[in-house]
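I wrote them while going through the structure, one place at a time.

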Amino acid sequence: MPNDCPPLLVAAYGNEMAGDDAFGPLVAEAVRTMAMTGIEVVNLGMQPAALLNHLADRRAVCVVDAAFCEDMPDGTLIEADFFDADRPPLVHDATLSTHGLSVADELELAQRLGICPSHVRLVAVVAGSVEVGRPVGASVLQRVSVAAHRIAAWASRLLESA
Amino acid sequence: MSASKKDKSDNGAKRSIRVKALARVEGEGALNLTMRDGQVEELQLKIYEPPRFFEAFLRGRDYQEVPDITARICGICPVAYQMGSCHALEKAMGVFDQVDPAIRMLRNVLYCGEWIESHVLHMFLLHLPDFLGFESAISMAADHGALVKRSLRIKKAGNDVVALLGGRSVHPVGICVGGFYRAPDAAAAAALARELRVCLDDMCEITLFLAEHITFPTLEREYEFVSLCPDDEYPMNLGRIKSNKGLNVDQEEFGRAIEERQVAHSSALHAVVKGRGPYLVGPLARLNLNAEKLLPRAAELLPKVCKAVGKMLPWQNNYFSLLARGLETVHALELAADSLGNYVPPVRTRVPIVPRAGIGGHGTEAPRGICWHEYRSEADGTIVSARIIPPTSQNYAMIEADLRALAPQVVELPDEDAALRCEHLIRNYDPCISCSVHFLKFSRVRA
């Protein structure tokens, strides 16, 4: 990772062909079209442990993904600071991840290795169907733009405070 | 999630080990193992295999869409699905023999990227913690952070190779039936070759270190090893399919040389060699059948590794698959470094194709074993039928056989240890379930 990489990273996970799991890639594309300076947007798709390749020398990262949460309706937007002790717990069980290591595990491993940025934002939508071949559900689709704009606002605040 | 319950068995000698998991999208794995008086009474490995969806998806699609669609079967090995589909469709379209050597070279380099990325991920983040006694890569990183960082650098080099050839490292889009949409930039190839050389030196050192410092569990088995066996190179994209027990078939015949069986306890098919039984695909099979074709650095390393573990090839202990992956990573790094270091952009990046009605079958070597595809097309190139045999489904029956052999060793162990030993064995196969690490949860029913 070159030292001159953009300080902010937006990293999306998800399978564009698996219903609501497309949320991450769709948000990534929406943020990318905003063409903000100082931000790199990467779509990690279903690639396992890919986030680790992109963390070094970053000031902040925003991870975007679909999530399961039994007691929340589909389409609920969840935003949290990874380092906030009061944030919703992340499931470490890799059975709930399509990414080889769960996102939580990747971030913890990055912390152990000393490559985790000081700001880590989590943005997720509660997914309904993630069956392969299904379209994105309406309740999730309408949150894509909302999530993208909130990420842009978060990024702007960080960049202004730098 | 796992659920415990009490068993009302009729005597105290019965023990059931249940390892159960719930997966999100791509699959689910569960293990039920019941033993009575130290003997296996029932063993069922249940895994759902997602590629079956895709065979139906592909019907009615244009042949040129297939590589991009099949790339989405797996986040770990999209190149394998792309290579399988491209080769099979080139046969169906009648252009297989027209593909230029330069394109074949670039395909091998692309595959090197995937092998490096996949093998290193599995070795260091998923499998090595088992051998070193850590719960996970996270806890392992506390004691072996430098090693994990070195592995991440090598893994990234693999990602970069896929990105260079495929346009991006995630579900690459630069591959088409007939070749590539564009050739990589020569300067970028040269720069990446330099990084690959650094990683090559490091991987040689790490692989030997692992061979010298790990104590491998013992489980010697009589496997039928099956892999591609080309005459003049280590297997990747081409070659007849052979085994150490007499299988020797053309690529097109492979789908008929094996039999995919439905089993009552799993929605995944179990493959066997017709007339014989379970077989093993993957790095151990490739290495045992093709060791003499390794490139110089891996060939030079192999006897040192054999000496360190006290075993000459053929290795019959699948725990050595960790080292087979290490040796294959060395081979792939050298092949990619040499090829990109000497790279000259090809005259053409793909062969022209006029669609036709046809059928073609072909397998390539995914990181975890043969990934075989067969397609039938209509005259306009529309896909009529598709058949995909992924490597993990070919290994299921052998995984179960291994677990049966392992069971007597774990029957007296505490629950957690028994579950870990079973998971460790399954991880020898690097099963292509994205969640393969800790994808099993454990509960036990004991009288």
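I looked up which residues join H1(A) to H3(A), taking contact as heavy atoms within 4.5 Å: Phe23(A), Leu26(A), Val27(A), Ala30(A) and Val31(A) in H1(A) meet Val140(A), Leu141(A), Arg143(A), Val144(A), Ala147(A), Ala148(A) and Ile151(A) in H3(A). By class this contact has eleven nonpolar, no polar and one charged residues, where Ala, Val, Leu, Ile, Met, Phe, Trp, Tyr, Cys and Pro count as nonpolar, Asp, Glu, Lys and Arg as charged, and the others, Gly among them, as polar.

This is a predicted model, in which local features need pLDDT of at least 70, side-chain atom pairs count only at pLDDT 80 or more, and totals for chains, interfaces and linings use all residues. Residues are numbered from 1 along each chain as its sequence is written, chains are lettered from A and ligands numbered from 1 in the order in which they are written, and side-chain values use heavy atoms, with hydrogens and water left out.

For the geometry of this pair I noted that the axes of H1 (residues 23–33) and H3 (residues 138–161) of chain A come within 9 Å and cross at roughly 45 degrees; the axes are lines fitted to C-alpha atoms, for helices over the stretch in contact, and angles run from 0 to 180 degrees between N-to-C directions. H1(A) is therefore oblique to H3(A), since angles under 35 degrees count as roughly parallel, over 145 as roughly antiparallel, 65 to 115 as roughly perpendicular and the rest as oblique. Helices (H or I, at least four residues) and strands (E, at least two) are DSSP runs, numbered from the N terminus.

I then turned to chain B, where the axes of H9 (residues 296–309) and H10 (residues 321–341) come within 9 Å and cross at roughly 165 degrees. That angle makes H9(B) roughly antiparallel to H10(B), and by class their contact has nine nonpolar, one polar and two charged residues.

His171(B), in the loop between H5 and E4 of chain B, has phi near 45 degrees, a positive value in a residue other than glycine. For comparison, most residues other than glycine have a negative phi, and most peptide bonds are trans.

Gly167(B) lies in the loop between helix H5 (137–166) and strand E4 (175–176) of chain B, and, leaving aside its neighbours within four places in sequence, Gly167(B) is in contact with Val162(B) and Arg182(B).
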